[in-house]
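Visitor: Please show me the model, and then I will ask what stands behind the terms used for it.

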Amino acid sequence: MLHHVGIEVAPGDVPRSVELWEALGFEQVEPPATLSEYTWLEREGTQVHLMPTESPTVPPRGHTAIVVADFERAVEELSERDFAVERRREHWGAPRALVIAPGGQRVELMAATPRSA
């Protein structure tokens, strides 16, 4: 199980980044007091840690992939919140899409994993 991923974001992008992750079913959780400068979100035991950084490093192709329970609803929810969602070529017969987070990070949406497709 992957416990968490840390994502560098510009301080001004944190609120909109939280909105994106909440649209994907994550909820804010309290980080430990020693890490209070970060914003933590969690869904089903997996966490995303938003790490405010003045000059974030954004990999050009690296990405975080999220399996969503209801793919069409997730795409609709993100679109309603004015996030650009680009449908991608299917793998394993399951839909996929890409959304770019406010800081330029790539987030892949998957309807299923290879084992569940």
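Guide: Of the 117 residues in the chain, 35% are buried. This is a predicted model, in which local features need pLDDT of at least 70 and side-chain atom pairs count only at pLDDT 80 or more, while totals for chains, interfaces and linings use all residues. Residues are numbered from 1 along each chain as its sequence is written, and side-chain values use heavy atoms, with hydrogens and water left out.

Visitor: What makes a residue buried?

Guide: Buried means under 20% relative accessible area, exposed means over 50%, and partly exposed lies in between (1.4 Å probe, protein chains only).

Visitor: Why does proline 114 count as partly exposed?

Guide: Proline 114 has 44% relative accessibility, so it counts as partly exposed. Proline 114 lies in the segment after β8 (106-110). From arginine 73 it is 41 residues away in sequence and 21 Å away in space, C-alpha to C-alpha.

Visitor: How many helices and strands does the chain have, and what counts as one?

Guide: The chain has two helices and eight strands. Helices (H or I, at least four residues) and strands (E, at least two) are DSSP runs, numbered from the N terminus. Along the sequence the pattern is β-α-β-β-β-β-α-β-β-β.

Visitor: What is the order of the four strands in the open sheet that contains β1?

Guide: The order is β1-β4-β3-β2, with mixed pairing. Two strands pair if DSSP finds at least two bridges between them. The edge strands are β1 (4-9) and β2 (27-29), each of which pairs on one side only. Neighbouring strands in this sheet are turned by 30 degrees against each other on average, direction ignored. The axes here are lines fitted to C-alpha atoms, for helices over the stretch in contact, and angles run from 0 to 180 degrees between N-to-C directions.

Visitor: How do you know that β2 and β3 pair?

Guide: β2 and β3 (residues 39-43) are joined by three bridges, in the antiparallel sense, and the definition asks for at least two. Glutamate 27 has glutamate 42 in β3 as its bridge partner. Helix α1 (residues 14-23) packs on this sheet and touches β1, β2, β3 and β4 (46-52), its direction making about 165 degrees with that of β4. Contact means heavy atoms within 4.5 Å.

Visitor: What is the strand order in the open sheet that contains β5?

Guide: This open sheet of four strands runs β5-β8-β7-β6, again with mixed pairing. At its edges are β5 (63-67) and β6 (85-91), each pairing on one side only. From one strand to the next the twist averages 25 degrees. Helix α2 (residues 71-80) packs on the sheet, touching β6, β7 and β8, and its direction makes about 160 degrees with that of β6.

Visitor: Why is β7 described as largely enclosed by the rest of the structure?

Guide: Five of the seven residues of β7 are buried, so β7 is largely enclosed. β7 (residues 94-100) pairs with β8 in the antiparallel sense over five bridges, and arginine 96 has methionine 110 in β8 as its bridge partner. The hairpin of β6 and β7 has two residues between the strands, and tryptophan 92 in the turn has a positive phi of about 60 degrees.

Visitor: Why is the pair of tryptophan 21 and phenylalanine 26 called edge-to-face?

Guide: A search of the whole structure finds one aromatic pair. The ring centres of tryptophan 21 and phenylalanine 26 are 5.3 Å apart and the planes stand at 80 degrees, so the pair is edge-to-face. Rings of Phe, Tyr and Trp (its six-membered ring) pair if their centres lie within 6.5 Å; planes under 30 degrees apart count as stacked, over 60 as edge-to-face and the rest as tilted. Tryptophan 21 and phenylalanine 26 are both buried.

Visitor: How do you know that the chain agrees with a compact globule?

Guide: A compact globule of 117 residues would have a radius of gyration near 13 Å, and the chain has 14 Å, which agrees. The radius is taken over C-alpha atoms, and the globule rule is 2.2 Å times the number of residues to the power 0.38.
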